[in-house]
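Hi everyone, thanks for coming.

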Amino acid sequence: MNSKTTIRIATLSPVRSPISANSEQRAATALDSTLSGASESNIPLLPATDALCSFEWPWTNGYGTLAHDSLPKFFQPFDCYDINTSDLPDQSENLGRITKDWSGEIEACQLFLYDDTIALLRLDVLIRVDDPTLDDLIASGSLDRTLSDGTGDIYRTLIYPSFQVYCKEFPRRFGKNKSTPEQELRDPNQLTVFKDVRFDSNTAPDNHVLWTGRCIVISPDELSHPIGEKLRHWVSYSGSIEDLSHQRHYVGSGNILVVDEEPEANRQDWFRGLSICQYYNAILFIYGSILKSSYSQLTDMLGARRTRNSELNRLMGDITLSLDHLEFTRLEFNEARVGVQGDRTDIVEDTCAAWKLDKLITGTLERTDLIRSRIARLLDARKSRVDKTVELILAGIGGVALVELFISLTTTARSLPIDDFPGILDIFLWLPPNGAIALSSLLLLMIFIYIYLAKR
């Protein structure tokens with residue numbers, strides 16, 4: 001009989017939520033509260049259910065000991081919830097596979113509500129399988145797939161309905177300035193930047209769970225056993241066991257393997273560090289879709305023959321707001337990276353390097369530059385149309401004035417007595433009124449032709 005191996009796997013999944021706030025005002029309010037020493041009220045945002053139980057964010061913010069992190073308000077969750085999944089394995093094939101087929105259990109399931117319609121869903125599981133089963137789970141990808149799909153089942157069954165209730169009850173609970181200054185919540189039914197997410201479907205859309213990251217922490221002794229070799233393949237680590245033991249961790253695109261003498265404490269540090277990186281990575285991912293959509297709309301407007309100014313002004317106003325907020329989140333992320341302490345500093349920086357977050361930031365900013373240049377072209381095109389309209393109006397006024405001048409000169413020449421002194425009026429004396437109109441019109445036509453040829 002094969003002996004079974006026990007593995008603890010921590011997962012963290014960015015999911016979409018209806019929670020969004022006036023982030024800039026919230027940041028300013030947080031600074032004022034810090035200076036005045038005032039504490040904010042903690043009002044649960046989601047309605048009370050049997051599945052969700054609110055609890056306070058367990059880590060103290062600000063500098064103190066190395067157990068503290070000084071994170072900006074933007075990177076602190078609004079609210080935290082323990083999720084009761086006791087009845088879910090009977091309804092979810094994926095969770096049932098974990099608890100029954102793999103003799104496992106769900107150690108922790110929590111939801112952290114952040115700003116900008118993003119929440120982090122934490123699912124920590126423990127499984128007990130024999131070596132052949134573990135080899136098959138890793139080689140086939142069944143382990144990763146089951147954890148990801150299980151997270152989706154939790155979101156669809158227990159979380160999404162609460163988000164729907166939040167949207168329906170928002171006007172009554174938080175509307176008309178009922179939200180506290182620390183919250184500055186926006187109406188989820190009237191979002192301006194994150195208009196891509198809605199909660200009016202009967203079932204949760206598949207794209208509401210963005211992805212699932214997995215992390216396993218083992219001791220150095222376990223690394224030298226066969227389980228260490230299996231997990232090295234799980235994270236696609238191409239180096240040797242000795243190199244991994246020296247590096248202490250390896251961050252892959254979806255799987256992370258950590259080697260530490262104190263796995264329990266290290267798991268908490270990795271959760272805190274990965275929360276910052278996963279949250280901001282989700283922001284960049286969502287903004288990628290928003291910016292592509294904005295660019296497409298601007299392209300359509302550039303190609304359109306006629307565009308209403310009100311429609312163009314609305315679109316450019318929304319895009320400008322999105323671009324400004326993206327820059328705000330980047331600055332907040334930089335502040336969060338500086339504010340982490342202890343081993344979490346290396347966790348955040350190594351994760352940023354492995355996920356190429358800096359390159360993603362640069363690429364996103366380059367896309368914003370492209371959009372800003374397209375907005376500038378739209379504005380130039382609109383200014384050119386306005387200039388042409390003004391030119392036509394001025395040309396019309398000038399043409400009428402020129403005709404009127406010729407008629408006035410003709411009339412004046414005929415009304416004045418003859419003074420036997422040659423001059424301009426003598427020319428108009430012999431010019432009939434119709435001739436004056438024809439001459440002025442011909443001169444005006446010549447001016448228009450000259451302007452047209454000069455512009456070409």
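This is a predicted model: local features need pLDDT of at least 70, side-chain atom pairs count only at pLDDT 80 or more; totals for chains, interfaces and linings use all residues.

The chain has 456 residues, and 47% of them count as buried. Its secondary structure comes to 13 helices and 8 strands. And if you take the contacts in the chain with a separation of 6 or more, 77% of them come from residues 24 or more positions apart.

Okay, let's go to helix α4, which covers residues 142-173. Ser142 sits in this helix. Is Ser142 buried or exposed? Its relative accessibility is 15%, and the cut-off for buried is under 20%, so Ser142 counts as buried. Leaving out residues up to four places away in sequence, Ser142 touches Trp102 and Leu137.

Now for a partner of α4. The crossing is left-handed. Which residues make the contact? On the α2 side you have Asn94, Leu95, Arg97 and Ile98, and on the α4 side Thr146, Leu147, Asp149, Gly150, Asp153 and Ile154. Sorted by class, that contact has 4 nonpolar, 3 polar and 3 charged residues.

Keep an eye on Ile154, we'll meet it again in the core. In soluble globular proteins, nonpolar side chains tend to be buried together. In this model, the largest nonpolar core has 57 residues, and Ile154 is among those with the most contacts inside it, along with Leu45, Ile83, Leu111, Leu113 and Tyr155. α4 gives the largest share of this core, 11 residues. Setting aside neighbours within four places in sequence, the contacts of Ile154 include Ile83, Leu95, Cys109 and Leu121. Apart from this core lies another one, of 55 residues, including Val217, Leu298, Leu315 and Cys352.

Last stop: helix α6, residues 226-234. Which residues of α6 are buried? They are Ile227, Gly228, Lys230, Leu231, Arg232 and Trp234, so look for the charged Lys230 and Arg232 in that list. After α6 comes Ser236, with a positive phi near 60°.

Methods:
Residues are numbered from 1 along each chain as its sequence is written. Side-chain values use heavy atoms; hydrogens and water are left out. Helices (H or I, at least four residues) and strands (E, at least two) are DSSP runs, numbered from the N terminus. Buried means under 20% relative accessible area, exposed over 50%, partly exposed in between (1.4 Å probe, protein chains only). Contact means heavy atoms within 4.5 Å. A crossing is left-handed if the near helix is turned anticlockwise from the far one by less than a right angle, and right-handed if clockwise. A nonpolar core is a set of buried Ala, Val, Leu, Ile, Met, Phe, Trp, Tyr and Cys residues joined through side-chain atoms within 4.5 Å.
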